[in-house]
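Please look through the chain below before reading the points.

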Amino acid sequence: MRVRSLWGRIEEASRPVHPTTRRVLDERWAALPAAARTDAQTVGRHAVGCEGTHGVFPRCNLTCSPCYHSKDANKVRVDGEHTLAQVEAQMRLLEERRGPRAHAQLIGGEVSLLDPDDHAAALLIMRAHGREPMSMTHGDFDIDYLRALALDGDGNPRFRRLSFAAHFDSLMRGRRGMPSPKSEAELNPFRARFVAMFRQLRREHGIRSYLAHNMTVTPANLDEVSVVAADVSAMGYSMLSFQPAAHVGDERRWKGDYRTVGIDDVWARLEAGLGQQVAWQAVQFGDARCNRTAFGFRVGDSWVPFLDPTSPADLNARDRFFAHFGGVNFGGTPPVWLTVKLLRVLRRHPGDSVVALRWAQRCSVRSGGWLRLVRSCRKQEVRLMTYVVHNFIDAADVAPAWQLMQAGRTTDDLAVAATRERLAACTYAMAHPETGELVPACVQHSVLDRSENAQLRTLLPLTCAG
Ligand code: SF4
């Protein structure tokens, strides 16, 4: 009896895809608008989408133009107890509704305004709910804060790996040492310093890191995207993400007409900066008007795509991956269990091993051959690199589309219908434990933030009465 129950537990733990993940993926796929159900679509076939926190620490100590937070955000006190209670409640709901594994951003105002112990506790809560957390920061903190976050009171590592997304651009004001940058290039020493802190942490304590670089793009800095793409790609970040500005949040911080900067404009500058095409069409997250993502790796100064959208063999490899490995939890499974899961898939689809080997061979050819790859690896010149553009929607467009969605209605208004489609395919969800609802981040920032922050301002005033 005991042997059978042990065998049952092993069988369950080594299932390639967790049953809840399977259910959530199927639900997401069924709910996607028809136009988003393409062969390249990741949502509903491999991923459920990303997640983020809200209302957990709305305050920030830098000033951005634009700023997506409502004007009350900076009047809310950063309060560890509130943060942890909210993170716990939001993550619990996300786990319940979206399954045991996802990537989630610890995002609010500025994460480093949290006490390091509270910051660490929030990350551990997220991990306990199966979330791979990423802290969103303006990057203006020192190694002392990083050490206090990463190490416990006895100086032992609390984490084996930390993930941060650092936002650097010339639209930000108040950074120490560069309060009012005149160009993107002036911020390069600060961008490099951020990476250097994490390298130091690894040298001293063995803690690895995954670092993303974020930049908001407006007409004022659009033409500097090329310089940023070229310079920052070589600094040690593993992702460069660009966000064309949207008219969201505090209207006092909107400068100019952001509608003039589109996703194609940014991508064109990115490619010009890298001096090469950056192919993204083989893989899609949600709606192509919202997201563009190119996965690959850098070898020396060049970027190599994992998938070439013009190669039928690569597209076949992608299709087989989605069909046979879609939903497998690669990042959050211990290596031994992951191996067993993969072997179970390969037992049913033995031809996939050959497809994978041929795909690896094509990647090596694209990167200049195995010899160059091995040499570059030895010199530590090979690094994963993902390029992203995330194109948020203007608040004025989100509000009517969200109303329709909630009422279960459609519309003949093409612009509102387009926004409704984008929201329905959203890849970035936020949780509301008080209603049990999950909402797109655009809805959170465009519709819900204002009243949420007004309430938080009363709950957590900056100064305590008496
Ligand atoms: S709806 Fe908004 S938050 Fe969701 S993927 Fe599109 S731009 Fe991003």
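**Notes on the model**

1. Eleven strands form an open sheet with mixed pairing, in the order β10-β9-β11-β8-β7-β5-β4-β3-β1-β12-β13. Strands are DSSP runs (E, at least two residues), helices likewise (H or I, at least four), numbered from the N terminus; two strands pair if DSSP finds at least two bridges between them. This is a predicted model: local features need pLDDT of at least 70, side-chain atom pairs count only at pLDDT 80 or more, and totals for chains, interfaces and linings use all residues. Residues are numbered from 1 along each chain as its sequence is written.

2. β10 (302-305) and β13 (437-440) stand at the edges; each has a single partner strand, so one side of each lacks a neighbour in the sheet. β10 runs antiparallel to β9 (residues 291-299), with four bridges between them. S302 in β10 is the bridge partner of V299.

3. The domain assignment, automatic or from a database, gives domain 1 (9-307 + 385-458) and domain 2 (313-376). In contact (C-beta atoms, placed from the backbone, within 7 Å) are 20 residues of domain 1 and 23 residues of domain 2. Helix α2 (residues 19-31) gives the largest share of domain 1's side, three residues.

Definitions and conventions. Contact = placed C-beta atoms within 7 Å.
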